Amino acid sequence: MYNRRIFMLGATATAAALGLAACGGEGAGSGGPDTDAAPSEQTVGVAMPTQTYERWVADGNNIKKGLEDKGFKVDMQYAEDDIPTQQQQIDQMVNSGVSVLLIASIDGASLSSQLDAAAAANIPVIAYDRLLTDSENVDFYVTFDNYKVGVNQANALMFGLGLLDEKFEAADDAPKGPLNVELFAGSLDDNNAHLFWKGAIDTLQPYFDDGTLVVLSKQTDIEQAATQRWEQETAQKRMENLLTTHYNGGEELAGVLAPADPLSRGIINALQNAGLGPTIKEGLPIVTGQDAEIASIKLIADGVQSSTIFKDTRNLAEQAIVAAESILKGDNPEANDTETYDNGVKVVPSYLLEVQMVLESNYQQIMVDSGYYTEKQVETGQL
Ligand code: BGC
């Protein structure tokens with residue numbers, strides 16, 4: 001079954017390649033930017049990874065609306081975390097002659113042949129949020145400061161543990177430790193996961209070195225901590241296993257570094273099911289997060305999840321559109337980082353956006369007073 005599927009997908013990819021070659025007669029560049037064309041004559045191809053994470057739905061909606069408001073046509077596809085589906089969707093976009101591609105990949109290294117086809121058809125490619133790796137055919141990258149996400153997650157963890165004060169300096173009354181923590185990472189095929197991890201570990205390392213923090217399971221490599229495809233259930237299961245294997249003799253777990261809100265909620269489920277909590281005040285370990293999903297903002301308001309990182313996807317969508325427009329006009333998009341994002345073949349010029357740490361003390365101001373969520377959404381935990 002598995003082999004057959006691969007074979008069929010292979011056949012589709014070949015057909016797609018032939019399609020491209022056939023278009024080649026009219027010039028391989030039936031797609032790509034036409035600097036004289038009005039937006040209404042141009043289609044932007046938008047490839048999104050999945051709808052299971054709230055943020056990607058918001059990203060997609062923001063991108064689509066932003067582009068349509070400017071008069072562009074949009075071909076947006078979600079791949080539900082299936083790599084062959086995403087490859088096929090992008091093949092189709094290239095064949096249909098889109099003017100530019102915005103790609104949020106599932107596996108950043110899996111799209112090389114699609115990117116080659118885009119280049120052959122003169123279609124520029126912007127990597128959206130996640131870096132496209134192992135290919136020279138990536139023109140630009142818009143993202144958040146991913147290393148700082150990790151730094152913020154580590155600082156939020158240490159704030160929750162009482163090691164840092166509200167200025168994120170060493171707290172006067174900090175516990176001496178050792179405090180037991182466990183570490184979770186995202187999907188290894190997502191370049192961001194490595195940057196989140198690095199930012200967090202660099203920040204926690206001095207506390208591991210002086211013995212204030214201890215990873216009781218000794219699972220301190222990203223490979224051990226990784227969560228394939230960022231799946232909530234996988235994180236929940238790993239947390240359950242960690243508890244039964246390493247915390248079955250009265251050992252106390254103080255905190256968990258969790259890289260994204262759905263994983264945080266899986267981890268919290270495991271902790272609560274094991275009798276910890278239900279709230280931080282009642283003994284639930286400190287759990288971090290990312291994405292400021294509505295269900296997690298409610299948990300923060302309720303004193304269950306300790307923190308999250310807010311990345312305003314409205315701004316990311318806007319930045320992607322600015323970059324796309326400038327590429328379509330034949331200009332170079334404005335970059336604010338031309339060093340960090342080496343994709344294995346080249347350093348991709350990037351535009352990085354800032355992130356914000358959200359805690360019980362500031363969620364109201366950052367998430368509600370700003371108009372991002374309503375009081376009612378926070379109260380119900382639903383959009
Ligand atoms: C994104 C995060 C997201 C994660 C899982 C990462 O690439 O930057 O915002 O939580 O993927 O979807």
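A: On a 1 Å grid over the protein atoms alone, a cavity is a set of points where a 1.4 Å probe fits but cannot get out, and lining residues have an atom within 4 Å of a point. This is a predicted model, in which local features need pLDDT of at least 70 and side-chain atom pairs count only at pLDDT 80 or more, while totals for chains, interfaces and linings use all residues. Residues are numbered from 1 along each chain as its sequence is written, and side-chain values use heavy atoms, with hydrogens and water left out.

Q: Which residues line the second largest cavity?

A: Its lining consists of Gln153, Phe184, Ala185, Gly186, Ala193, Phe196, Trp197, Ala200, Trp230, Leu257 and Pro259. The second largest cavity has a volume of about 50 Å³, a volume being the space filled by probe spheres set on grid points joined across faces, edges and corners.

Q: What is the volume of the largest cavity, and which residues lie nearest its centre?

A: The volume of the largest cavity is about 180 Å³. Of its 19 lining residues, Tyr53, Trp56, Arg130, Asp190 and Trp230 lie nearest the centre.

Q: What takes up the space of the largest cavity?

A: The ligand takes that space; a molecule sits in a cavity if more than half of its atoms lie within 2 Å of its grid points.

Q: How far is an oxygen atom of the ligand from an N or O atom in the side chain of Asp129?

A: A polar contact is a pair of N or O atoms within 3.5 Å. For Asp129 the distance is 2.7 Å, and for Arg55 an oxygen atom of the ligand is 2.9 Å from a side-chain N or O atom.

How values were computed:
Polar contact = N/O pair within 3.5 Å; in protein donor to acceptor, adjacent residues only side chain to side chain. 1 Å grid on protein atoms, 1.4 Å probe; cavity = no way out; pocket = protein on both sides within 12 Å on 5 of 7 lines; lining within 4 Å.
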